[in-house]
Amino acid sequence: MLSTKLLPNIGRTRATFTSKCIPFTTPTTTSRTLDSYRETSFQSNVYARNRVIDNQIKSGSLNTALKLFDEMPIRDVVTWNLVISGCGRYGHPSQALCLYNQMISQGIKESGSTVSSVLSICCNAGLYDGGIQVHSRVIVLGFSMNHYVASSLVDLYMHMGLVGLSLKLFNDLSHRNLAVWNLVLRGFCELGRSNDLLGSFFSMNLEGVQPNGLSFCYLIRGCGSERLLDEGKQLHCCAFKLGWVASNLFVANALVDFYSACGCFVGAKKSIETIPLEDVISWNSVVSVYAENGFSLDALEMFTRMQLWGKRPSVHSFLGFLGLSSWTQNLIIGRQIHCCVLKLGFDCGSVHVQSALIDMYGKCGEIDNSVSLFESVPARSLGCCNSLMTSLLYCGIIEDVVEMFGLMLDEGIGFDEVSLSTTLKALSVSISGSLASCTLVHCCAIKSGFESEIAVSCSLIDAYSKSGHVTLSQQVFEKLSSPNVICFTAIINGYARNGMARNCLELLDIMIQWGLKLDKVTFLAVLIGCDHAGLVEGGKMVFDSMKSIHGIEPERQHYSCLVDLLGRAGLLDEAEELIKQAPVKGASVMWSSLLHSCRVHKNETVGHRAAKILMELEPENHAAWFQASKFYSEIGDFEMSVQVGEIAMAKKMRKDIGYSLIEVNDHICH
């Protein structure tokens, strides 16, 4: 019997002997088994570390996760994916791309998840060049058919505005699910392409893809941006039938924003009534739409209720109230809102509020306050400058508007279509305004690319025509690719101002042929042209067609034009009958016009009636009494002329002295 003490040595001897006798492959197999064990051990360790990194990122400890990542001797693709997506999630897109580049340089092949995550980061951060480079990697690695990668590419190119390329990738997808359809809807919504947005909605329905609440949010928001009230109402019905209005808070609030954007306060109010008060997100939209539509008491009530529910007013609300104050010239509300703005700190934090305050005080006639606010803003923005310019123009301080434009150029603030349009309007009514000044501003518009803007083009047409250069106005109009009603009205006004009535009538016919919806201002411009040129039949035809064909009720200005036209032609009885059909408000202007025509045509009968009615309508108007006195003098009734003149003198009426200007070789002569 062997001693147990010898057993270890015997074991070692046997093992040594055996190792010498076994084939050469046996040790290799053993080594592979050991390597496999070690590899499994490492993998287990990496997996455990990945879980810790994932938990740290989810808890918001990105720095801790990155520290653990740096300490790892071995990392797999999952490790890289976690830190790359983590950096993207917490607003470090550049760091995420840097990690992605390190991953590639270390020879680690990315997965579809990696590429999809990096593309999303590039898309959200606006790093489009990086996204295009990743697309190249997608093609090289063969990920083009990966649904998630392809969807991320669709989203990237939509954000870049490359709709054609995005739709090509979208159409190449073998399966288009709701998620990728929503990406397309969001892209069209953000690009403001409402027709494509609604077209995509119909296409996804044809493919049997049912929209969800997110889809309706994009669709409704897109309709609100383009003010498509009818289309939005149809979507409202569709969302209601599918139950999303009642079950999805965001859809319900999107409807409030939609109706507010379209100015439909009834729809906005009904939409907000379906939402529990504590869940209303769109309080500011409702307050704004009430204010913008002149419902000041309702707006103030909603504003109060909003604050009772702990909802903080936004810039949107204050802009609505300040706009209401400007429109109604209600300085009391404007000052109260100014106090709220100061209390909540919006006066320094929002350029839009600063601009609205300057505009509000200007429209209320408090131009000194507008200037003080402008001088107190920390940095002069383009919006604030534009507000002050429009306020100065409104208050008749014309020369300062032109000076303001020069200041904006000198200080490098720049200008936009509002600045150019306001400056041109000021030049068109300025004493020192000249063709050279208008041409200079026109050059600025061409150089900056604003010449094609409707507001600028119309202001140019108006400024040139007022200076008598209607040919230049016509050239501006002819350069417009698709002139609208406002553009046509501007050039018609220019023709009318320069006695070219037949051109006015021709343009009116063109507008009708094009199917443009005529408005009261257009008809007024044509009637003024007919009045200046003495086209009686043309004027009567246009006036009669307003109501009979186009359904537009003539207003006092339209009656005044036709009365003046008939009076100039000597059709005084017809003109008198027309005045009796006209609105009572402002009738004194028409009676004054008729009285002037009676003086020209020596018609005492109609003139007596006109003079009597005119003095009754305007007992304190010196011009009316002096006109009546002159009429009586011209017909030989000197006693009545002296009597009327004495009454006017007794009332301390005084006739203002007029003056004329003329431009000669770019110089204004008085």
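Gln329 is found in the loop between α19 and α20 (331-344), where helices (H or I, at least four residues) are DSSP runs numbered from the N terminus. The model is a predicted one, in which local features need pLDDT of at least 70 and side-chain atom pairs count only at pLDDT 80 or more, while totals for chains, interfaces and linings use all residues. Residues are numbered from 1 along each chain as its sequence is written, and side-chain values use heavy atoms, with hydrogens and water left out. The phi angle of Gln329 is near 55 degrees, a positive value in a residue other than glycine. With a relative accessible area of 45%, Gln329 is partly exposed; buried denotes under 20% relative accessible area, exposed over 50%, and partly exposed the range in between (1.4 Å probe, protein chains only).

A positive phi is also computed for Arg227, a residue other than glycine, with a value near 60 degrees. Arg227 belongs to the loop between α12 (213-225) and α13 (229-241). A further loop, between α10 (178-191) and α11 (194-206), contains Arg193. This arginine, Arg193, has a relative accessible area of 35% and is partly exposed. Its C-alpha atom is separated by 8.6 Å from that of Glu226, although Arg193 and Glu226 are 33 residues apart along the chain. Another pair of residues spans 22 positions in sequence: Ser116 and Val138 are 9.5 Å apart in space, C-alpha to C-alpha. Ser116 is part of helix α6 (residues 112-125) and is buried, with a relative accessible area of 14%.

Aromatic contacts were examined next. A pair of aromatic rings is described by the distance of the centres and the angle of the planes. The structure holds 13 aromatic pairs, a pair being rings of Phe, Tyr and Trp (its six-membered ring) with centres within 6.5 Å; planes under 30 degrees apart count as stacked, over 60 as edge-to-face and the rest as tilted. In one of these pairs, the ring centres of Phe303 and Phe318 lie 6.1 Å apart and the planes stand at 65 degrees, so the arrangement is edge-to-face. The pair links distant parts of the chain, with Phe303 in helix α18 (residues 296-308) and Phe318 in helix α19 (residues 315-328), 15 residues apart. Phe303 counts as buried at 6% relative accessibility, and Phe318 counts as buried at 0%.

The pair formed by Phe543 and Tyr559 is likewise edge-to-face, because the centres are 5.2 Å apart and the planes are at 75 degrees. Phe543 lies in helix α33 (residues 536-548) and Tyr559 in helix α34 (residues 556-568), so this pair ties together parts 16 residues apart in sequence. Both Phe543 and Tyr559 are buried. Elsewhere, ring pairs link Phe201, Phe202 and Phe216 into a cluster.

Charged side chains also sit over aromatic rings, the criterion being NZ of Lys or CZ of Arg within 6 Å of the ring centre and within 35 degrees of the ring normal. Arg176 lies over the face of Phe170, at 5.0 Å from the ring centre.

The largest pocket has a volume of about 390 Å³, the volume being the space filled by probe spheres set on the points, which are joined across faces, edges and corners. Its lining comprises 18 residues, of which Ser421, Lys425, Cys458, Ser459 and Asp462 lie nearest the centre. At least two lining residues are supplied by each of α24 (382-394), α26 (417-429), α28 (454-466) and α30 (485-497). The most is given by α26, with seven residues. By residue class, the lining divides into seven nonpolar, six polar and five charged residues; Ala, Val, Leu, Ile, Met, Phe, Trp, Tyr, Cys and Pro count as nonpolar, Asp, Glu, Lys and Arg as charged, and the others, Gly among them, as polar.

A disulfide is taken as a pair of cysteine sulfur atoms within 2.5 Å, and by this rule the count comes to zero. Cys98 is in no disulfide, the nearest cysteine sulfur, that of Cys87, being 9.3 Å away. Cys98 is partly exposed, with a relative accessible area of 41%. The sulfur of Cys123 is 8.7 Å from the closest cysteine sulfur, in Cys122, too far for a bond. Cys123 is buried, with a relative accessible area of 2%.

Terms used. On a 1 Å grid over the protein atoms alone, a cavity is a set of points where a 1.4 Å probe fits but cannot get out, and a pocket is an open set with protein on both sides within 12 Å along at least five of seven lines; lining residues have an atom within 4 Å of a point.
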